[in-house]
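Here are my notes on the model.

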Amino acid sequence: MAALAETFHDLHRQGLLILANVGDAGGARLVEHLGSQAVATSSAAMAWTHGYQDGNQLPLELLSASIASMTRVLGVPLTVDIEGGYSDEPVAVAKVIDAVLAAGAVGINIEDGVGAPDLLVRKLETARTVADRHGIDLFVNVRCDVYLKNLLPAEQRLEELLRRAARYADAGANGFFAAGVTEPREIATLCREVKVPVNLLWRAGLAAPDELQRLGVRRLSAGSSIAEYLYGALSGLAQGFLRDGRLDVQGLQAYTYGELNALLAPR
């Protein structure tokens with residue numbers, strides 16, 4: 001795990017790391033097979049896979065089992081979205097991070113949501129303590145929701161984002177996830193002012209990867225978007241089949257049973 005953790009840190013120094021977030025082991029292995037240098041989970045995709053709502057609802061035992069199923073089939077670093085740590089109590093957050101590391105992940109996303117920055121700072125300190133106990137240089141990517149959740153008027157958001165970024169970096173964050181930021185000038189300011197690698201969330205209209213890299217972005221995440229489109233495709237296929245017993249696969253390309261089975265063969 002130590003080598004995977006080092007690799008994951010290095011990937012944030014080598015240009016733009018693009019992560020196609022997944023919700024299960026099959027998706028994780030497929031993304032690796034397609035050439036991804038690391039794999040990231042989507043908390044929403046994982047929750048939906050198990051029949052739970054996103055929003056700190058997934059039971060810890062299912063989170064842990066899902067991570068273990070992914071690391072069993074992966075040869076690249078795995079980073080896991082733990083939302084807000086599933087609790088505001090440091091002891092409970094420590095239990096979550098302990099389980100994530102025990103299952104083989106070397107990175108986490110943790111978010112401030114609508115909570116006070118002080119609360120996330122305490123969670124960051126907890127994460128560092130647990131990671132040190134495991135002897136893992138855990139990559140902690142902090143998602144700041146000032147833009148994503150419209151916490152402040154537009155003219156105040158960038159200043160608050162920068163203020164929080166500085167606090168989180170000082171508290172031990174390795175990356176800063178500015179979810180919801182799309183305007184190039186704001187992106188450039190973030191990348192210039194923030195002391196740790198900046199992560200953005202894909203949105204329609206966001207600049208192309210080459211431009212993001214030029215602006216200084218070090219990581220681009222799909223978030224729950226891939227899962228949302230997958231469920232949309234599932235809905236279309238299921239509706240047609242339930243209606244007339246036929247699969248309308250226009251525009252879709254399937255992996256064969258044999259290809260998927262081979263992809264998950266023991267390594």
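1. A term before the packing points: axes here are lines fitted to C-alpha atoms, for helices over the stretch in contact, and angles run from 0 to 180 degrees between N-to-C directions. Note too that the model is predicted.

2. Helix 2 on helix 4. Helix 2 covers residues 25–33. Its axis lies 8 Å from that of helix 4, at an angle of about 30 degrees. The crossing of helix 2 with helix 4 is right-handed. On the helix 2 side, the contact uses Ala25, Ala28, Arg29 and Glu32. Helix 4 answers with Ser69, Met70 and Val73. Sorted by class, this contact has four nonpolar, one polar and two charged residues.

3. Helix 4 on helix 5. Helix 4 spans residues 60–73, and helix 5 spans residues 90–102. Their axes come within 9 Å and cross at roughly 25 degrees. Angles under 35 degrees count as roughly parallel, so helix 4 is roughly parallel to helix 5. The handedness of this crossing is right-handed. Leu60, Leu63, Ser64 and Ile67 of helix 4 meet Lys95, Val96, Ala99 and Val100 of helix 5. Six residues of the contact are nonpolar, one is polar and one is charged.

4. Helix 5 on helix 6. Helix 6 runs over residues 117–134. What is the angle between helix 5 and helix 6? The two pack at about 40 degrees, with their axes 9 Å apart. That angle makes helix 5 oblique to helix 6. The crossing of helix 5 and helix 6 is right-handed. Helix 5 contributes Pro90, Val93, Ala94, Ile97, Asp98, Leu101 and Ala102. Helix 6 contributes Lys123, Thr126, Ala127, Val130, Ala131, Arg133 and His134. The class count is nine nonpolar, two polar and three charged residues.

5. Helix 1, buried side. Helix 1 takes in residues 2–11. Which of its residues are buried? They are Ala5, Phe8, His9 and Leu11. Viewed down the axis of helix 1, these buried residues fall within an arc of 160 degrees, so they line one face of the helix. In general, an α-helix has 3.6 residues a turn, so residues three or four places apart point the same way.

6. Ala2, Ala3 and Glu6 are exposed, on the face turned away from the buried side of helix 1.

7. Is Glu83 buried or exposed? Its relative accessibility is 3%, so Glu83 counts as buried. Tyr86 is placed in the loop between strand 3 and helix 5. Phi of Tyr86 is near 65 degrees, again positive in a residue other than glycine. Tyr86 has 18% relative accessibility and therefore counts as buried. The cut-off for buried is under 20% relative accessible area.

8. Glu159. This residue belongs to helix 7, which covers residues 154–170. Its relative accessibility of 63% makes Glu159 exposed. Glu159 and Leu190 are 31 residues apart in sequence. In space, their C-alpha atoms are 9.9 Å apart.

9. Asp210. Helix 9, residues 209–215, holds Asp210. Asp210 is exposed, at a relative accessible area of 65%.

10. Ala238. Helix 10 spans residues 225–244 and includes Ala238. With a relative accessible area of 31%, Ala238 is partly exposed. Ala238 and His9 are 229 residues apart in sequence and 41 Å apart in space, C-alpha to C-alpha. His9 is one of the buried residues of helix 1.

Methods: Residues numbered from 1 in each chain as written. Predicted model: local features only at pLDDT ≥ 70, side-chain atom pairs only at ≥ 80, totals over all residues. Heavy atoms only, no water. Buried < 20%, exposed > 50% of the residue type's maximum accessible area, 1.4 Å probe, protein only. Helix = DSSP H or I, 4+ residues; strand = E, 2+ residues; numbered from the N terminus. Arc of directions from axis to C-beta. Parallel < 35°, antiparallel > 145°, perpendicular 65-115°, else oblique. Left-handed = near helix turned anticlockwise from the far one by under 90°. Contact = heavy atoms within 4.5 Å. Nonpolar A, V, L, I, M, F, W, Y, C, P; charged D, E, K, R; others polar.
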